[in-house]
2 protein chains.
Amino acid sequence: MPLNQQILLDSRPTGEAVVSNFKQVSSETPALQDGQVLVRHHFLSLDPYMRGRMNDAKSYAAPQPLGQVMLGGTAGEVVESRSPKFQPGDKVVGMGGWQQYSVVDAEQPGALRKVDTTHVPLSHYLGAVGMPGVTAWYGLVKIIEPKAGQTVVVSAATGAVGSAFAALAKARGCRAVGIAGGPEKCRYAVEELGFDACIDYKLHQDAASLSNALKGVCPDGIDGYFENVGGMVLDAVLPRMNAFGRIALCGMIAGYDGQPMPLTHPALILTNRLKVQGFIVSEHMEVWPEALKELGTLVATDKLRPRESVAQGIEAAPEAFLGLLKGKNFGKQLVKLI
Amino acid sequence: MPLNQQILLDSRPTGEAVVSNFKQVSSETPALQDGQVLVRHHFLSLDPYMRGRMNDAKSYAAPQPLGQVMLGGTAGEVVESRSPKFQPGDKVVGMGGWQQYSVVDAEQPGALRKVDTTHVPLSHYLGAVGMPGVTAWYGLVKIIEPKAGQTVVVSAATGAVGSAFAALAKARGCRAVGIAGGPEKCRYAVEELGFDACIDYKLHQDAASLSNALKGVCPDGIDGYFENVGGMVLDAVLPRMNAFGRIALCGMIAGYDGQPMPLTHPALILTNRLKVQGFIVSEHMEVWPEALKELGTLVATDKLRPRESVAQGIEAAPEAFLGLLKGKNFGKQLVKLI
């Protein structure tokens with residue numbers, strides 16, 4: 001059995017998460033039982049939701065247990081199988097966690113999914129054609145429900161979710177506006193991702209200034225907003241929302257470290273008759289096939305060219321993850337293991 | 001032509017609204033043109049939304065113009081008609097404003113509605129079987145969409161909206177919990193309006209304390225919340241919401257005077273996958289017939305016994321309105337003119 005390098009959650013953050021919250025260990029992969037499959041991970045997915053699970057607080061997901069392998073999405077290859085459903089060499093995605101190998105019960109529905117890498121690179125199944133892509137799809141299609149010609153906005157615009165959001169919004173005839181940090185990301189959003197405009201929030205000290213900048217690039221107001229960050233950005237968007245606008249609340253990364261993050265003017269939800277709806281994409285598995293089909297086609301036809309930030313080697317995962325939380329990544333953050 | 005006492009908006013409030021913002025004048029009612037009707041008002045409706053219109057700020061409704069009669073719902077009797085649609089003696093409801101008489105263009109759709117006072121007293125068409133009742137209906141039926149056995153909560157529980165909400169919720173097999181100010185209102189909510197429990201918010205200094213009290217009377221959490229007040233009460237309810245809960249945002253009376261009223265923990269909307277939706281009942285005229293039918297039946301069959309606070313005479317309107325904003329009313333606030 002191969003030696004398996006793993007990263008565990010060793011302690012919970014007090015405030016900001018740090019490298020010492022994680023611990024690397026190694027163990028031998030256990031011998032397979034009937035129905036089990038051994039997967040060698042090629043890529044780990046790093047996602048903002050993982051920060052929420054590091055806290056021991058009531059949330060939508062159970063907290064990540066201490067002393068166990070960090071949970072997370074993985075893409076890899078079957079290297080040994082005692083299940084008729086999988087053969088060595090199959091490319092698969094699953095929730096293998098922060099480790100080099102995982103042993104998966106192939107009978108468990110949804111535990112492992114075979115993917116076709118002919119037209120879509122394996123890593124994209126963790127991003128544009130995976131959970132982040134479906135997240136963008138659900139928020140846009142099921143909550144924002146945009147009509148052609150409407151203006152939709154997304155924060156963290158060059159991330160995995162934001163990139164997919166742009167392609168999906170343009171496919172529906174919308175004006176797509178991004179919010180991102182720094183001139184390089186904003187240029188990329190417009191030139192590569194197809195956003196009609198992108199606002200650099202780092203140029204703005206407060207919500208009023210950011211809100212004013214949004215007014216300039218959204219002359220007809222905002223009909224739909226996909227929220228990945230919260231805090232000042234949400235305060236800036238809210239006054240720009242048109243009557244009957246929809247806000248899909250997907251992430252509030254700005255508040256993960258526990259700092260207070262109030263919404264300054266909630267009365268705008270009433271005066272503009274907005275709908276604000278939180279969601280977790282894993283609770284809507286019924287939309288995944290339809291969403292993945294559209295996303296796969298967008299990638300295969302080059303209408304969605306997702307960018308990736310790739311860290312090398314399992315030992316790089318904690319630093320890469322902490323960088324993601326600070327917006328240091330550019331596109332989908334992955335860890336490449338082989 | 002009879003002399004018509006009117007109350008105008010004379011100045012806009014700076015902070016709290018005061019009596020001197022209003023001014024009483026009198027004028028002769030003009031002679032009727034073809035198609036017009038002269039209505040003598042028996043009751044004026046006083047409603048919290050009027051406070052919002054006193055400000056000169058962007059809101060869902062245009063600001064009340066200075067120097068003009070305060071807009072508002074009225075119930076009365078046709079005393080003269082040059083329209084084939086109405087006869088003297090007809091009981092009617094409309095938007096006659098804060099005055100004793102109004103001249104109405106009977107051809108304008110929805111301007112004047114004939115009502116049957118056989119089983120429902122005229123004044124109730126301004127409350128339980130009028131705009132406030134339909135407001136409760138829309139928020140409960142169209143936004144909260146409760147299932148039998150679920151727990152629904154309403155603030156300002158003994159007001160016109162809250163009273164109707166209780167009857168509508170009980171008719172749907174829900175547990176109905178109210179929030180009101182003072183022991184007398186809370187007792188009335190349970191004994192007369194059918195609430196299963198009512199929390200006196202005046203007993204609580206902060207949101208945490210009020211939230212804890214809510215936990216006691218909502219042991220299975222809260223599935224739907226109808227918000228009439230905002231501020232501390234909304235902060236207290238939010239942590240008690242069950243996953244996939246719905247919040248109908250109808251009023252934020254706590255913020256009408258311009259004081260800041262942030263929402264402390266908006267991330268709960270995400271973590272509990274809530275839907276928060278603002279609405280204005282006048283934008284959903286399509287539901288009025290269905291809603292009024294149910295509300296009329298509830299009143300006629302004594303399942304909804306709305307209480308009224310009745311001020312006497314047009315000159316009492318400003319004081320009564322300011323009292324309403326402070327919760328001094330008990331049930332629907334009216335002004336009786338004859």
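Among contacts in chain A between residues at least 6 apart in sequence, 66% join residues at least 24 apart; two residues are in contact if their C-beta atoms, placed from the backbone, lie within 7 Å. The model is predicted: local features need pLDDT of at least 70, side-chain atom pairs count only at pLDDT 80 or more, and totals for chains, interfaces and linings use all residues. Residues are numbered from 1 along each chain as its sequence is written, and chains are lettered from A and ligands numbered from 1 in the order in which they are written.

**Exercise 1. Describe the overall build of chain A and its domains.**

Step 1. Chain A contains nine helices and 15 strands. Helices (H or I, at least four residues) and strands (E, at least two) are DSSP runs, numbered from the N terminus.

Step 2. With a radius of gyration of 20 Å, close to the 20 Å that the globule rule gives for 338 residues, chain A is as compact as a globular protein of that length. This radius is taken over C-alpha atoms, and the rule is 2.2 Å times the number of residues to the power 0.38.

Step 3. The C-alpha trace of chain A spans about 60 × 45 × 35 Å along its principal axes.

Step 4. The domain assignment, automatic or from a database, gives domain 1 (3-127 + 306-336) and domain 2 (131-282) of chain A. Their centres, taken over C-alpha atoms, are separated by 28 Å.

Step 5. Between these domains of chain A, 15 residues of domain 1 are in contact with 15 residues of domain 2. The domain 1 side comprises five nonpolar, six polar and four charged residues. Here Ala, Val, Leu, Ile, Met, Phe, Trp, Tyr, Cys and Pro count as nonpolar, Asp, Glu, Lys and Arg as charged, and the others, Gly among them, as polar.

**Exercise 2. Characterise the interface between chains A and B.**

Step 1. In this interface, 24 residues of chain A are in contact with 24 residues of chain B.

Step 2. On the chain A side, helix H7 (267-271) and strand E13 (275-278) are the elements that give two or more residues. That side divides into 14 nonpolar, eight polar and two charged residues.

Step 3. E13(A) and strand E13 (residues 275-278) of chain B run antiparallel, joined by three bridges; strands pair if DSSP finds at least two bridges between them. Within this pairing, A:Gln277 has B:Lys275 as its bridge partner.

**Exercise 3. Determine how strand E9 of chain B is placed.**

Step 1. Strand E8 (residues 151-155) of chain B runs parallel to E9(B), with five bridges joining them. B:Ser155 stands opposite B:Ile179.
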